[in-house]
Amino acid sequence: MNKYQKYLMDLSHSYITYVFKGKDTACFNDGKITISQDEDITISKYVLNISNKSIHNVFALVNGKEERLIESIDPVYSSPKSGEQKRFSIELDFEKRIESIKIVFVDNLADDLIIPVVYAEANKEQYYAKKEKERKDSLLKKADIKVSTGADLVNIYFQPCLEDYLRTEIILYKDGMMLAKYKVDEEVFFKSINGLAYGKYEFVLKQFNTRNETILETDKISFQIVPPTFGMGRHTVVNRI
């Protein structure tokens, strides 16, 4: 930006913003326009607003070097004057990118100003990880897993997490070692495991759909089998006949 272009932009109190979710966010820095994508990567289109009474027109360019106009897309729109200040709105699309915009000043008071457009993409891995967590949290809520223990047993209760549910599998661990796998039939929504010694255990619950695909796999869920206690915490020995 030369001194004449800068003077006209400053003189007119120009502003360049883009609008998303009802908020204006300044994005004109270091001689370029930066559009930061929302964390939701499925949102690709944003509206860029440019306002300055010294601007006659704004064009979108597909190639900053050749300065070729995007006539087929024609993403530039001019709103009516608000007082003496003109406002221009341009749609910027992450999937069909404009590389730069050209500002033409009133009465050619300065050379046309070419401003590069930089697209700052959201973190795709972070987005997909978030969506996967939301999916799993929703299924866990529907599965409604509960655990109750007795002297030497554990009861694990659950519900189907999807309509095309087929069966459940429970994998039991102790001290990091896999002890057993239990397959639970379609019409049964709990599993009772007995004959357990005192100590800490873990299990993973998996549910499958009618295509035998895993639709839910929990993290390890822990429980303990502890000896019965009374009063001051003294162990009571139960004699069985």
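Author: A nonpolar core is a set of buried Ala, Val, Leu, Ile, Met, Phe, Trp, Tyr and Cys residues joined through side-chain atoms within 4.5 Å. Buried means under 20% relative accessible area, exposed means over 50%, and partly exposed lies in between, using a 1.4 Å probe and protein chains only. This is a predicted model, where local features need pLDDT of at least 70, side-chain atom pairs count only at pLDDT 80 or more, and totals for chains, interfaces and linings use all residues. Residues are numbered from 1 along each chain as its sequence is written, and side-chain values use heavy atoms, with hydrogens and water left out.

Reader: ok, which residues touch the most other members in the largest nonpolar core?

Author: I35, L48, V58, I90, L92 and I101 do, in a core of 21 residues. At least two core residues come from each of β4 (32-36), β5 (45-51), β6 (55-63), β9 (87-93), β10 (100-105) and β11 (113-120). The largest contribution is from β11, with 4 residues. Strands here are DSSP runs of E with at least two residues, helices are runs of H or I with at least four, and both are numbered from the N terminus.

Reader: what does the second core include?

Author: The second core is separate and has 14 residues, including V154, I193, Y201 and I225.

Reader: how many helices and strands in total?

Author: The chain has 2 helices and 21 strands. Of its 241 residues, 33% are buried.

Reader: I156 next. buried or exposed?

Author: I156 is buried because its relative accessible area is 0%. This residue sits in strand β13 (residues 154-157). Leaving out residues up to four places away in sequence, I156 touches I145, K146, I170, F189, F190, K191, I193, F203 and L205. A contact means heavy atoms within 4.5 Å.

Reader: how far apart are the C-alpha atoms of I156 and I193?

Author: They are separated by 8.3 Å, and the two residues are 37 apart along the chain.

Reader: and F190, where is that found?

Author: F190 is in strand β16 (residues 190-193). It counts as partly exposed because its relative accessibility is 41%. Together with Y157 and V188, F190 makes a nonpolar surface patch of about 240 Å². Patch residues have over 30% relative accessible area and no salt bridge, with nonpolar side chains (Val, Leu, Ile, Met, Phe, Trp, Tyr) joined within 5 Å and like charges within 9 Å. A salt bridge is a side-chain nitrogen of Lys or Arg within 4 Å of a carboxyl oxygen of Asp or Glu. Accessible areas come from the Shrake-Rupley method with a 1.4 Å probe, and for residues only the protein chains shown count as cover.

Reader: new topic. what is the phi of D144?

Author: About 50°, a positive value, although D144 is not a glycine. Most residues other than glycine have a negative phi. D144 lies in the loop between α2 (124-143) and β12 (146-149). N212 also has a positive phi, near 65°, and is not a glycine. N212 is in the loop between β17 (199-209) and β18 (214-217).

Reader: last one, where is confidence lowest?

Author: In strand β21 (residues 234-235), with a mean pLDDT of 44, whereas β17 is highest at 97. pLDDT is the predictor's confidence in each residue, from 0 to 100. The chain averages 79, and 75% of the residues score at least 70. Residues 67-83 stay under 50. Where pLDDT is low, the predicted coordinates should not be read in detail.
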